[in-house]
Amino acid sequence: MRNIKLLLRQHVGAPCAAIVKAGDKVEKGTLIATPTGLGANIFSSVYGVVEEVTEDAIIIKPDAEQPDKYIPIKKSENKLDMVKEAGIVGMGGAGFPTGVKLGANLEGGYILVNAAECEPGLKHNIKQLEEQAEKTVRGVEYCMEMSNASKGIFAIKKKNAKAISAVKAAIKDKPNISIHLLPDIYPMGEERAVVRECLDILLDPTQLPSAAKANVLNAETILRVAEAIEDQKPCIYKNISVLGRLNGGTETRCFMDMPVGISVEDLIEMAGGIDGEYGEIIMGGPFTGKACKIDDPTTKTTGGVIVTIPFPDLKGAKVGLLLCGCGGNEERMRDICAKMNGQVVSVTQCKQAMAAKPGGPLKCENPGNCPGQIAKVMEMKRAGAEYLIIGNCSDCSNTVTTCGTLKMGLKLFHQTDHVMRTIGHPLYRKLTVSKSVDQDLSEF
Ligand code: SF4
């Protein structure tokens with residue numbers, strides 16, 4: 001294993017302050033950085049020696065031997081204190097400190113388990129539910145207790161039969177916990193989409209789930225809550241899907257309990273190494289991830305590492321970019337266009353994508369339900385675009401395909417195309433599945 005690099009900012013809020021120095025010996029579970037404001041404790045995820053402390057990271061040289069044993073966090077009668085002490089943050093990518101989130105009083109409301117695992121190719125959440133459903137269910141119960149919620153609901157795509165069966169068995173004597181089945185479209189895992197699907201409440205982009213008396217927590221976050229309370233385990237591990245142009249095949253390898261801070265290069269090596277020429281390496285999912293360098297470190301929020309095939313060459317052709325509130329931001333879309341050797345002539349956004357505050361990230365008013373795209377496509381065509389690169393959801397990609405490609409003669413790429421082609425997944429074009437699923441669980 002190469003050096004572990006633990007970033008001091010790997011959560012929403014202020015960066016942590018290091019409390020170790022170069023030369024210090026550390027063990028799994030040694031507290032190495034503490035919050036300076038909103039934040040979460042950071043622990044060493046390996047046995048080793050601190051090599052360097054920089055402004056933004058603690059770098060640790062790992063020992064050759066890495067026993068499973070870790071330094072336990074303090075035991076407490078107060079479960080919320082244990083979650084805070086363990087340094088857990090939203091592990092689905094959000095990174096909000098879980099101890100703060102669970103401190104909200106939901107007044108008899110809901111813990112919604114986000115098991116949508118909506119980013120195509122990522123599979124570690126589903127594998128976790130297949131293998132650790134009972135512990136995850138106990139995590140839901142702890143979260144319900146801490147937040148004063150009376151119901152728990154697993155939101156999971158209907159296609160994941162094995163995981164659904166495992167959860168169904170684990171909740172059979174728990175009338176307060178249920179399963180809500182989701183269709184296999186993007187983006188079912190967006191926080192407000194989970195609230196809408198499970199509770200039939202459409203929140204405004206400026207509202208938090210607490211406005212619906214709900215807390216949405218990623219499935220892995222909930223498991224880490226159970227580990228903190230039952231095993232006094234600090235948040236030192238992350239489950240990560242690694243996929244793409246790799247020796248041995250493009251299918252997803254799930255690496256469970258990887259030390260936080262392990263390098264992308266180590267993960268790729270564990271997965272077999274890169275198979276020949278590649279386009280880029282993405283940290284995260286195909287829609288919301290970003291290109292990274294091979295020596296970048298993972299964090300508590302890293303869900304995927306994807307190696308893609310090379311990009312097509314547009315030879316300087318004029319391109320319009322259509323942004324989605326649940327896809328790549330403008331910087332990411334421009335990055336993809338530059339890698340395809342395209343020339344951006346127009347940038348526009350889905351009319352449902354809006355910034356909750358000026359300059360902030362785009363959010364969708366009603367994720368996954370197309371508001372129509374003809375005006376946006378015409379705008380890009382008028383600007384001289386020959387090609388479109390779109391980041392839209394399944395439903396809107398369907399609309400753009402129809403009006404842009406079929407009716408206006410524009411050539412179309414989706415921001416995820418190079419990933420989908422790498423892993424043999426259908427491209428985001430015409431919608432081929434239903435946007436609704438029945439909730440009959442008898443087949444599982
Ligand atoms: S409706 Fe628009 S903003 Fe919302 S998810 Fe679809 S493309 Fe994105």
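**Buried and exposed elements in a predicted model**

Ser45 sits in the loop that connects β5 (42-43) with β6 (48-53). The model is a predicted one, and the values given here are computed from it. Ser45 counts as buried because 30 C-beta neighbours lie inside 10 Å, where 20 or more are required. Apart from neighbours within four places in sequence, the contacts of Ser45 are Ile4, Lys28, Ile236, Tyr237, Pro259, Val260 and Gly261. Thr301 lies 256 residues from Ser45 along the chain, and the C-alpha atoms of the two are separated by 14 Å.

Strand β11 covers residues 214-218, and five of its five residues are buried. Burial applies to both faces of β11: Ala214, Val216 and Asn218 lie on one side, and Asn215 and Leu217 on the other. Strand β8 (residues 109-115) runs parallel to β11 and is joined to it by five bridges. In one of these pairings, Val113 has Leu217 of β11 as its bridge partner.

Glu107 is in the loop between α2 and β8. Its phi is positive, near 50°, although the residue is not a glycine. Glu107 is classed as exposed because it has 11 C-beta neighbours inside 10 Å, and the limit for exposed is 12 or fewer. Glu117 is in the loop between β8 and α3. Glu117 is likewise not a glycine and has a positive phi, of about 35°. Glu117 counts as buried, however, because 29 C-beta neighbours are found inside 10 Å.

Helix α3 (residues 124-147) is not straight. A straight helix of 24 residues would span 34 Å at 1.5 Å a residue, whereas the end C-alpha atoms of α3 are only 26 Å apart. A bend of about 100° is located at Gln132 in α3. The residue that follows α3, Asn148, has a positive phi near 55°.

Helix α6 (residues 219-231) gives another result. Its 13 residues reach 18 Å from the first C-alpha to the last, close to the 18 Å expected at 1.5 Å a residue. Eleven of the 13 residues are buried, so that α6 is mostly covered. The buried residues of α6 are Ala219, Glu220, Thr221, Ile222, Leu223, Arg224, Val225, Ala226, Glu227, Ala228 and Ile229. Their cover includes α1 (79-86), α2 (98-101), β8, α3, β11 and β12 (237-244). Just after α6, Gln232 has a positive phi of about 50°. In general, an α-helix has 3.6 residues a turn, so residues three or four places apart point the same way.

Helix α5 (residues 191-199) is also mostly covered, with seven of its nine residues buried. These are Glu191, Arg192, Ala193, Val194, Val195, Glu197 and Cys198. Asp200 follows α5 and has a positive phi, near 60°. In the loop between β10 and α5 lies Pro187. The peptide bond from Tyr186 to Pro187 is cis, with omega near 5°.

Lys168 belongs to helix α4 (residues 161-170). Lys168 is partly exposed because it has 16 C-beta neighbours inside 10 Å, a count between the limits of 12 for exposed and 20 for buried. Leaving out residues up to four places away in sequence, Lys168 touches Ile179, Leu441 and Phe444. Ala133 is 35 residues from Lys168 in sequence, and their C-alpha atoms are 8.8 Å apart.

The model also contains a ligand, which is surrounded by 17 residues. The closest of these are Cys324, Cys350, Cys364, Cys393 and Cys396. By class, the shell around the ligand consists of eleven nonpolar residues, five polar residues and one charged residue.

Notes
Residues numbered from 1 in each chain as written. Predicted model: local features only at pLDDT ≥ 70, side-chain atom pairs only at ≥ 80, totals over all residues. Helix = DSSP H or I, 4+ residues; strand = E, 2+ residues; numbered from the N terminus. Pairing = 2+ DSSP bridges. Contact = placed C-beta atoms within 7 Å. Near = placed C-beta within 6 Å. Nonpolar A, V, L, I, M, F, W, Y, C, P; charged D, E, K, R; others polar. Expected span 1.5 Å × (residues − 1). Bend = angle between axes of the 7 residues up to and from the residue.
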